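Thanks for coming, everyone. Please have a look at the screen.

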Amino acid sequence: MNLKEKKKKKENQNHVGNDAPSPLSSSHTIGAHLVCALGLALSFWATHHLFSTSLISDPAHTLFLIWVFETPILVLVYSRFRKNPKECSYWKAVGRGLLGLPLGALINIFGAIALGAPVGIQYLLRTSNWSLLMSLLTFVPAACVFGSSWTDWQRVFAHTKPIGAIDYMICLPAHGTIIGAWLGAWPMPLDWERPWQIASAMEGGGSTILCASDLQVDLVRIPSAYTVTSAQNTDGEWPVSVSYGAMAGYLLAMVASLGFALVRGGASRSCLLKQD
């Protein structure tokens with residue numbers, strides 16, 4: 001009876017070991033975080049210094065360059081941490097990540113439109129490239145690691161219950177990206193003297209605009225014919241501040257993810273040593 005129990009226990013341990021990748025070492029954890037975070041930072045730097053474009057001057061082109069540069073980095077890094085590596089090859093995980101990119105973008109497009117993103121042919125490139133970037137930072141890592149394992153998707157995203165270093169590397173940056181994008185939408189209607197952040201208030205036959213410049217606050221009255229409403233302006237320059245917020249949230253969450261991953265990874269390795 002004892003021999004049977006030991007045999008079943010050993011089979012269960014082997015089954016779990018085949019389903020999940022081995023615990024990450026501290027060097028692998030730090031390296032993966034640095035490569036992904038620096039990849040995003042460098043892609044953002046390259047768009048400005050090498051291609052002379054920015055989110056303010058050309059949002060669609062800038063977002064396109066960022067997600068194109070960052071995609072191979074994230075896919076190649078996270079595919080190394082795929083679940084059930086004995087049955088899923090590295091290149092199969094890469095294919096899952098590439099397939100997950102447009103699928104996640106469709107979800108982000110519908111979500112953005114449902115939450116008030118502008119709709120129209122003139123916004124198609126901006127919304128599409130923004131959605132692809134959001135999909136890359138939130139959807140693709142999970143697609144590389146989990147594939148079609150619905151229970152893992154639910155555990156990490158629906159229930160927010162990461163149980164290992166890799167789960168934290170997927171969960172925290174994804175949530176940080178979404179929260180950052182949501183917070184980034186807040187300053188869009190405010191007046192910061194930017195062409196994409198102008199607010200106005202209708203008052204009689206004209207408009208009163210609150211302008212802040214060099215710590216001086218003035219009330220400027222302009223004719224109603226030149227009034228730019230916050231809604232019109234938000235539509236015209238979508239998704240500038242939302243993209244800034246998403247990338248900032250991703251980078252901050254990567255720092256938090258590194259801390260949690262190191263702690264959880266150390267705990268997992270300690271448990272394995274005790275079992276041995």
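Start with Ser52, which sits in the loop between H2 and H3. Helices here are DSSP runs of H or I with at least four residues, strands are runs of E with at least two, and both are numbered from the N terminus. Before I go on, this is a predicted model: local features need pLDDT of at least 70, side-chain atom pairs count only at pLDDT 80 or more, and totals for chains, interfaces and linings use all residues. Residues are numbered from 1 along each chain as its sequence is written, and side-chain values use heavy atoms, with hydrogens and water left out.

Back to Ser52. Its phi is positive, about 55 degrees, although Ser52 is not a glycine. Most residues other than glycine have a negative phi. Is Ser52 buried or exposed? Ser52 counts as exposed, because its relative accessibility is 65%. The cut-offs: buried means under 20% relative accessible area, exposed means over 50%, and partly exposed is in between, with a 1.4 Å probe and protein chains only.

Thr160 also has a positive phi, near 50 degrees, and is not a glycine either. Thr160 is in the loop between H7 and H8. With a relative accessible area of 41%, Thr160 is partly exposed.

Now the aromatics. How many aromatic pairs does the structure hold? Eight. Rings of Phe, Tyr and Trp (its six-membered ring) pair if their centres lie within 6.5 Å; planes under 30 degrees apart are stacked, over 60 edge-to-face, and the rest tilted. Take Phe51 and Phe69. Their ring centres are 6.0 Å apart and their planes are at 40 degrees, so this pair is tilted. Phe51 is in the loop between helix H2 (26-49) and helix H3 (59-79), Phe69 is in helix H3, and the two are 18 residues apart. Phe51 is partly exposed at 41% relative accessible area. Phe69 is partly exposed at 31%.

Next pair: Phe139 and Trp153. They are tilted, at 4.9 Å centre to centre and 45 degrees between the planes. This pair links distant parts of the chain, with Phe139 in the loop between H5 and helix H6 (140-146) and Trp153 in helix H7 (residues 150-158), 14 residues apart. Trp153 is buried, with a relative accessible area of 13%.

On to helix packing. H8 covers residues 165-184, which is 20 residues. From first C-alpha to last, H8 reaches 28 Å, close to the 28 Å expected at 1.5 Å a residue; the expected span is 1.5 Å times one less than the number of residues. H8 is mostly covered, with 14 of its 20 residues buried.

How do H5 and H8 pack? Helix H5 (residues 124-138) meets H8 at an angle of about 145 degrees, and the axes are 8 Å apart. Axes are lines fitted to C-alpha atoms, for helices over the stretch in contact, and angles run from 0 to 180 degrees between N-to-C directions. H5 contributes Met134, Leu137 and Thr138, while H8 contributes Pro173, Ala174, Thr177, Ile178 and Ala181. Contact means heavy atoms within 4.5 Å. Of the residues in this contact, six are nonpolar, two are polar and none is charged. Nonpolar means Ala, Val, Leu, Ile, Met, Phe, Trp, Tyr, Cys and Pro; charged means Asp, Glu, Lys and Arg; the others, Gly among them, are polar.

Asn108 is buried, at 16% relative accessible area. Setting aside neighbours within four places in sequence, Asn108 contacts Trp130, Ser131, Met134, Ser135 and Thr138. Asn108 and Thr138 are 30 residues apart in sequence, and 9.8 Å apart C-alpha to C-alpha.

One more buried residue: Thr71, in helix H3, has 8% relative accessibility and counts as buried. Leaving out residues up to four places away in sequence, Thr71 touches Leu98, Leu101 and Leu136.

Last, the whole protein. There are ten helices and three strands. Buried residues make up 40% of the 276 residues. Of contacts with a separation of 6 or more, 67% are between residues 24 or more positions apart.
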